[in-house]
Structures are given as C-alpha cells and as structure tokens.
Amino acid sequence: MLLQAVARYGHKTAVVSGEQRISYTDIEAASNRIANALLETGLGKGDRVVLLLSNSPEFINTFFGVVKTGATAVPLDPQYRLEELAAFINDCKPSAVISESEVIDPFLPCLRSFKTIKHLINLTGHAERLLNLEEMAAGSPETRPTVSKEPEDTALILYTSGPSS
C-alpha cells in the first residue's frame, strides 16, 4: 500500500504533526532505513516486534520498517499497566520491543525477564543497554530491502482491548 501511495502521491503530504509535514516519499525512505537497520540486527521473517510507541510520525515509520523486514508488527498502547503488557508479551512472544525512553523505563525489569526478547530498542536517545533505533537507521540505506514474503505471512497482530483505568 505504501509503494502505491508513493507512486501516486509521492511528495504530497501524508502526515501532519504540529508544524511538521511528512510526504509519502519521506515515509518510504525513513521506513526503508529502519527496515535495513533492523535486518542488520538479525530481525526479520518469523520475528514478532512489539511497538510500544505513542501516536507519532515515528510510529508510522517504525511500523512500516518492521513490516518491510518480514517480521510481524505488534503495536501495544504505551498506557497499558505492567500486568496487561506482560500478558500480551507472554502471548505474542516477541523477539524485540521498540519503545521510547519515557515509556519503556518502568517496564525494563519486566521486559528483561522474557526469554524471547533478544533486542530492546529505544526510538531515540541513549538508555542503559538499549539499542538506539535513530542511530541505527541513520547509517542505513534508503533502498527498500529485498525480503521474501508469502501471502500467508503475518504482517500484524492487534490486541483489541484498551488499557484499564
């Protein structure tokens, strides 16, 4: 879908966030850099990647980047309580979690206890023992990665309940 939007609308605005305007071409390039960076870490087809991110342009770029690797994106609401988050992670058994420092910090002790999680990735900035996605993607190519995908591959897992109050 993104490739079709890029071909049809290219440099037209896809997302407005505050004063920032982001085109379809911008999303394609940013998500390609993210996908290539994630592939370099060994993530790819068969992996599940939890996106513990707020609604933002970075979420869009990261979501498409994960899907381009052949991995399954699992977006989770950053407002989930620890018990809720742990239940979803126990169910989907992710290989990686991508989050923002202010969101992931309280969850780190819990996340580190899950054996399936090989990579804890911080969206921006430095946090103790977390990979930095912004730095990883900065050095990655903007070309779309070549990943073998089949129609039966899962691109997305959505949990439908919202966080309890």
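**Exercise 1. Work out how helices H1 and H2 are oriented to each other, and which residues make their contact.**

Step 1: get the angle. In this predicted model, the axes of H1 (residues 2–9) and H2 (residues 24–40) come within 8 Å and cross at roughly 140°. Axes here are lines fitted to C-alpha atoms, for helices over the stretch in contact, with angles running from 0 to 180 degrees between N-to-C directions. Helices are DSSP runs of H or I with at least four residues, strands are E runs of at least two, and both are numbered from the N terminus.

Step 2: name the orientation. Under 35 degrees counts as roughly parallel, over 145 as roughly antiparallel, 65 to 115 as roughly perpendicular, and the rest as oblique. H1 and H2 are therefore oblique to each other.

Step 3: list the contact (heavy atoms within 4.5 Å). H1 brings Leu2, Leu3, Ala5, Val6 and Tyr9, while H2 brings Tyr24, Thr25, Ile27, Glu28 and Ser31. Sorted by class, that's seven nonpolar, two polar and one charged residues. For the sorting, Ala, Val, Leu, Ile, Met, Phe, Trp, Tyr, Cys and Pro are nonpolar, Asp, Glu, Lys and Arg are charged, and the others, Gly among them, are polar.

A word on bookkeeping: residues are numbered from 1 along each chain as its sequence is written, and side-chain values use heavy atoms, with hydrogens and water left out. Local features need pLDDT of at least 70 and side-chain atom pairs count only at pLDDT 80 or more, while totals for chains, interfaces and linings use all residues.

**Exercise 2. Decide whether Ala7 and Ala30 are buried or exposed.**

Step 1: the cut-offs are under 20% relative accessible area for buried, over 50% for exposed, and partly exposed in between (1.4 Å probe, protein chains only).

Step 2: Ala7, in H1, has 70%, so it is exposed. Ala30, in H2, has 12%, so it is buried.

**Exercise 3. Find the largest nonpolar core and what supplies it.**

Step 1: a nonpolar core is a set of buried Ala, Val, Leu, Ile, Met, Phe, Trp, Tyr and Cys residues joined through side-chain atoms within 4.5 Å. The largest has 23 residues, and Val50, Leu52, Leu76, Leu85, Val97, Leu111 and Leu120 have the most contacts inside it.

Step 2: S3 (48–52), H4 (82–92), H5 (101–104) and H6 (108–111) each supply at least two residues. H4 gives the most, with five.

Step 3: zoom in on Leu111. Leaving out residues up to four places away in sequence, Leu111 touches Leu85, Ile89, Val97, Ile104, Ile117 and Leu120.

**Exercise 4. Check H4 and the residue just after it.**

Step 1: H4 buries Glu84, Leu85, Ala86, Phe88, Ile89 and Cys92. Their cover includes S3, S4 (72–75) and H6.

Step 2: just after H4, Lys93 takes a positive phi of about 50°. Lys93 sits in the loop between H4 and S5 (96–99), and at 47% relative accessibility counts as partly exposed.
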